[in-house]
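This report is intended to be read beside the sequence and the three-dimensional structure. Please keep both in view while reading.

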Amino acid sequence: MSYKLRTTDPAAEVRKVARQGIDSAIESLNVAEAERAEGIHQARKRFKELRALLRLVRQPLGKAFKAENRLLRDLGRRLAESRDAAAMLESWNLLAEQYPDPLAEPPFSAVRQRLEARARQGESRASGLDEHLDAVIGELRALRERSEHWKLAGNGFDLFAAGVRRTYADGCTELARVRLDLSDEQLHEWRKRVKDHWYQTRLLSPSWPKLMQLRSETLKALADRLGDDHDLAVMQQLMKSEPELFGDAGQHERLDGLIARRRSELQSGALKLGGELYFDAPDELVARWRRYWDDAQR
């Protein structure tokens with residue numbers, strides 16, 4: 001989300017950013033069939049960013065938060081299937097960048113061809129979603145109208161303080177759990193909280209652009225590592241559920257070894273970055289961001 005929350009009128013800024021995000025999602029879905037799969041991907045990114053915005057003002061938004069957050073979650077899920085196959089091909093390509101020699105061998109080149117064909121089938125499904133997409137766009141237009149009337153109780157940084165604290169504290173908690181449990185499910189939970197904190201950092205970057213931009217870039221690097229790890233976990237699951245995509249048992253064993261090695265690298269890098277980003281106590285981070293905001297207002 002390239003949109004920013006300026007320090008002039010926080011409540012008006014929240015409504016403006018919500019409008020911009022919803023408009024961008026609608027625009028992404030109103031594309032030609034040939035661009036439909038990418039349009040859906042971009043719209044789902046806007047949904048996640050909008051949910052991070054909602055979490056930033058969860059407390060002042062009150063009862064409206066739950067319904068609007070659930071709506072965006074459900075819209076994202078309705079569009080997820082057409083994206084999954086393309087994401088798997090992208091994950092394979094990233095793995096091939098790390099291990100170009102073994103994955104260039106003919107048996108593995110054949111695997112990539114099958115994944116590419118699977119991605120094309122996903123694009124075909126996306127092209128047949130016109131009626132479904134019309135309903136999603138209708139929901140988004142209704143959300144846009146409601147966002148104009150959101151009642152946001154609070155002034156200045158008080159509008160965001162509880163949301164910043166909760167999102168950051170949740171990230172701290174999930175990191176502590178990951179250190180005890182490196183399961184796919186736990187890593188995915190941490191990733192979701194990291195992305196929320198990243199989006200919120202970007203939104204609030206006008207308060208202290210250089211420092212917040214640096215933090216945003218580091219959070220993106222962490223989110224990318226966790227995202228690549230998650231995609232490889234999904235690939236391992238796919239290898240079990242659709243083994244014919246990946247060749248014979250010998251290929252499965254070799255591929256699983258490469259994936260395990262890459263995931264270990266990604267997880268080690270993520271834990272290192274996580275230790276740097278989630279070092280402060282939640283109250284300390286909120287107090288520092290409040291000072292940034294107050295200084296920017298002055």
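## Basis of the model

The model is predicted; local features require pLDDT of at least 70 and side-chain atom pairs count only at pLDDT 80 or more, whereas totals for chains, interfaces and linings use all residues. Residues are numbered from 1 along each chain as its sequence is written, and side-chain values use heavy atoms, with hydrogens and water left out.

## Overall architecture

The chain contains 13 helices and 0 strands; helices (H or I, at least four residues) and strands (E, at least two) are DSSP runs numbered from the N terminus. With a radius of gyration of 21 Å, close to the 19 Å that the globule rule gives for 298 residues, the chain is as compact as a globular protein of that length. That radius is taken over C-alpha atoms, and the globule rule is 2.2 Å times the number of residues to the power 0.38. Along the principal axes, the C-alpha atoms fill a box of roughly 65 × 45 × 30 Å.

Of the 298 residues, 50% are buried, where buried means under 20% relative accessible area, exposed over 50%, and partly exposed in between (1.4 Å probe, protein chains only). Among contacts (heavy atoms within 4.5 Å) between residues at least 6 apart in sequence, 78% join residues at least 24 apart.

## Surface and charge

The chain exposes about 14,600 Å², of which carbon and sulfur atoms supply 48%. Accessible areas come from the Shrake-Rupley method with a 1.4 Å probe; for residues, only the protein chains shown count as cover.

There are 52 positive and 49 negative side chains, and the centres of the two sets lie 5 Å apart. Lys and Arg count as positive and Asp and Glu as negative, while His and the chain ends are not counted. Each charge is placed at NZ of Lys, CZ of Arg, CG of Asp or CD of Glu.

## Helix H1 and the segment before it

Helix H1 spans residues 10-29; its 20 residues reach 29 Å from first C-alpha to last, close to the 28 Å expected at 1.5 Å a residue. The expected span is 1.5 Å times one less than the number of residues. H1 is mostly covered, with 14 of its 20 residues buried.

Ser24 lies in H1 and is buried at 16% relative accessibility. Leaving out residues up to four places away in sequence, Ser24 touches Tyr3 and Arg46. Tyr3 belongs to the segment before H1 and is buried, at 17% relative accessible area. Beyond four places in sequence, the residues that Tyr3 touches include Val17, Gln20, Gly21 and Ser24, as well as Arg202 and Leu203.

## Helix H2

Helix H2 (residues 36-56) has 21 residues and reaches 30 Å from its first C-alpha to its last, close to the 30 Å expected. Because 17 of its 21 residues are buried, H2 is largely enclosed by the rest of the structure.

Ala52 is in H2 and is buried, with 0% relative accessibility. Apart from neighbours within four places in sequence, Ala52 is in contact with Asp196, Tyr199 and Gln200.

## Thr201 in helix H10

Thr201 is found in helix H10, residues 184-203, and is buried at a relative accessible area of 0%. Excluding residues up to four places away in sequence, Thr201 touches Met212, Arg215, Ser216, Leu219 and Trp289. The C-alpha atoms of Thr201 and Trp289 are separated by 9.7 Å, although these residues are 88 apart along the chain.
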